[in-house]
Amino acid sequence: MAGMTSRNSFSLSTLCSIFAILYMNSVILAVDGKSQTFGRVLNPTKLGLKKEKLSHFRVHWHDIVGGRNPTSIQVAKAASTDKSATGFGAVSMIDDPLTEGLELSSKLVGRAQGFYASAGINELVALINMNFAFLVGKYNGSTISIMGRDKVLSEVREMPIVGGSGLFRFARGYVEARSKKLDSKTGDSTVEYNIYVFHY
């Protein structure tokens with residue numbers, strides 16, 4: 001009986017030790033081969049996150065490449081870009097106005113800041129990476145981040161929302177882009193963006 005009690009006690013002690021080790025391994029994160037304890041699970045309500053909602057916004061994006069005050073400037077290109085029918089390899093940095101209405105003179109509601117790059121060899125396709133930074137009302141200072149493929153000649157282009165800040169923290173969703181105006185002389189264009197975003 002004494003031997004049996006000893007064996008049972010040893011087994012229970014060993015089992016507890018194993019569980020303790022497994023628990024510690026589950027909460028310790030390894031970075032560069034070193035143990036870290038900087039990660040933890042949070043209750044979303046402690047961050048002020050309440051019920052998730054779906055919002056829709058419509059803005060007009062004005063890409064101004066000509067004139068004295070362009071909002072889109074080419075910052076890079078490949079040696080072969082000028083020979084490419086699609087401008088493949090060209091990269092432009094933007095700080096484009098976002099307005100409530102179709103006309104540039106309508107109410108300014110934000111800026112589209114980021115870049116677009118010609119990413120298609122045989123078709124007009126752009127890589128879009130930009131933040132919609134809002135400037136009005138309760139959304140002033142909040143941003144929506146968009147990154148995706150823009151097939152320029154398609155009537156409707158869909159791109160994902162990959163994040164946001166301010167009132168759009170943890171944002172997810174998509175945008176639909178529709179070209180509304182294109183000036184063949186200056187290259188200036190106006191695109192309507194319909195934004196469908198889940199946020200808290």
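Me: What share of the residues in the protein chain is buried?

Reply: Buried means under 20% relative accessible area, exposed over 50%, and partly exposed in between, with a 1.4 Å probe and protein chains only. Here, buried residues make up 32% of the 200 in the protein chain. This is a predicted model, where local features need pLDDT of at least 70 and side-chain atom pairs count only at pLDDT 80 or more, while totals for chains, interfaces and linings use all residues. Residues are numbered from 1 along each chain as its sequence is written, and side-chain values use heavy atoms, leaving out hydrogens and water.

Me: Which residues have the most contacts inside the largest nonpolar core?

Reply: A nonpolar core is a set of buried Ala, Val, Leu, Ile, Met, Phe, Trp, Tyr and Cys residues joined through side-chain atoms within 4.5 Å. The largest one here has 26 residues, and Trp61, Met130, Phe132, Ile144, Tyr193 and Ile195 have the most contacts inside it.

Me: What does Phe132 touch?

Reply: Contact means heavy atoms within 4.5 Å. Leaving aside neighbours within four places in sequence, the contacts of Phe132 include Trp61, Ile144, Tyr193 and Ile195.

Me: Why does Thr81 count as buried?

Reply: Thr81 counts as buried because its relative accessibility is 6%. Thr81 lies in the loop between strand 4 (72–76) and strand 5, and a polar atom of its side chain is 2.8 Å from the backbone nitrogen of Ala78.

Technical notes:
Helices (H or I, at least four residues) and strands (E, at least two) are DSSP runs, numbered from the N terminus. A polar contact is a pair of N or O atoms within 3.5 Å; within protein, one must be able to donate a hydrogen and the other to accept it, and residues adjacent in sequence count only if both atoms are side-chain atoms.
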